[in-house]
Amino acid sequence: MTSLTSADIAHLRTGAQFLACTIDPTSTYIYAEMIQSAMVSGQVQLVDVESLDPEDLVVATGMVTQGLFIADMPPVGDEFLSCISAIETALSRKVQAVYSLAAASINGIVPLMVGLQSGLPVVDADPMGRVFPLISQTTLHIGEVGISPIAMMGVTGERAMVEAPNPQRAETLVRSLVTELGGWAATAMYPCTAGELRMHGVRGTVTRMIRVGEILDADESVENKYRRLIELLKAVRISRARVQHIESLSRPTGLGLPAQPSSMTLIDETTGQIIRLEIQNEILLVLVDGAVAAAVPDIVTLLSPEYGTAVSLDDVGVGTVIDVIAIPAAEAWYSAPGLELAGPRAFDIPLDHPRRNA
């Protein structure tokens, strides 16, 4: 068990943003500052799933949003404790540790606050290894670990409990309830044993966010930061390119995803190649002169060539020069069930991932 420091939280915040650059970082920064302030009187304990009893009950905590930025109406503070209590009541068991619903963006940092409030350790694992838009898109789903019961508490303190054995059906119900609850909800879900999380989760993801943050926050050259990221993450710099065109509502899409599709066209600064990014909640596809360079579930992020910092899509405009970086996801996502759940076709992009037949 490791006690995290205030510096660890700052680095984790940077790493969480790097792994979800398309998402506005304001809420992540607010939560990080809250945690650093609260650490004056408490500690966040990070624990490897191996050190837990295999039968210990662990639960995923995370925010689910639908049209309301958390920064616009921050939580009061008791929401996650209420959700954990509801899970314990429903299962007649005590939760022994919490883990992140997604080790990126705000959900990469939420469990640390929950750990401070509850005294529970935070498990160095999650069921995505990145961030996906749907709560059904998890490695636990691939491993047939149940998602429910799901405890929820919304903006005004109203509560709900969802019991749906099918994760995709649970996604539909939870998303509808989030809208009714005011635009966001604190949630606790995927209650499972530590043994199940060990077998089907993605391990070491909190530590990975901290290490990424240490690299990006370091006072050193951008090229050195890239070298270290490539070594740590097997990252690939696809292109350094200038944005030429941004298009909203760029393609038809099915129902169920919480954001509208958009596209971005860039020109490589060195080769003149045309780079195309297809975006919906995240960067789903990177084409270089029409050839697939990266595709979901690959993690695609954008960095500033000048500073080596993550660039939010909200800060990108025509004329902006950015580095397009691709990182492989957890191996489970490249299995046939993983690609069915979170490959390009799951996002209405009619192509197979290059690794489908690998």
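These legends describe close-up views of a predicted model. Residues are numbered from 1 along each chain as its sequence is written, and side-chain values use heavy atoms, without hydrogens or water. Local features need pLDDT of at least 70, side-chain atom pairs need pLDDT 80 or more, and totals for chains, interfaces and linings use all residues.

**View 1. The nonpolar cores.** The largest core holds 73 residues. A core is a set of buried Ala, Val, Leu, Ile, Met, Phe, Trp, Tyr and Cys residues joined through side-chain atoms within 4.5 Å; buried means under 20% relative accessible area with a 1.4 Å probe, protein chains only. Phe18, Ile35, Ile109, Leu112 and Leu229 touch the most other members. Helix α8 (residues 205-217) gives the largest share, six residues; helices are DSSP runs of H or I, at least four residues, and strands are E runs of at least two, numbered from the N terminus. A second, separate core has 29 residues, including Ala97, Leu101, Met152 and Val174.

**View 2. Around Phe18.** Contact means heavy atoms within 4.5 Å. Beyond four places in sequence, Phe18 contacts Val212, Leu216, Leu229, Leu233, Thr301, Leu303, Ala310 and Ile327.

**View 3. His141 in helix α5.** The helix spans residues 139-142. The His141 side chain reaches the backbone oxygen of Ser136 at 2.7 Å. Leaving out residues up to four places away in sequence, His141 touches Ser136, Pro167, Gln168, Tyr190 and Leu341.

Note on methods
A polar contact is a pair of N or O atoms within 3.5 Å; within protein, one must be able to donate a hydrogen and the other to accept it, and residues adjacent in sequence count only if both atoms are side-chain atoms. Buried means under 20% relative accessible area, exposed over 50%, partly exposed in between (1.4 Å probe, protein chains only).
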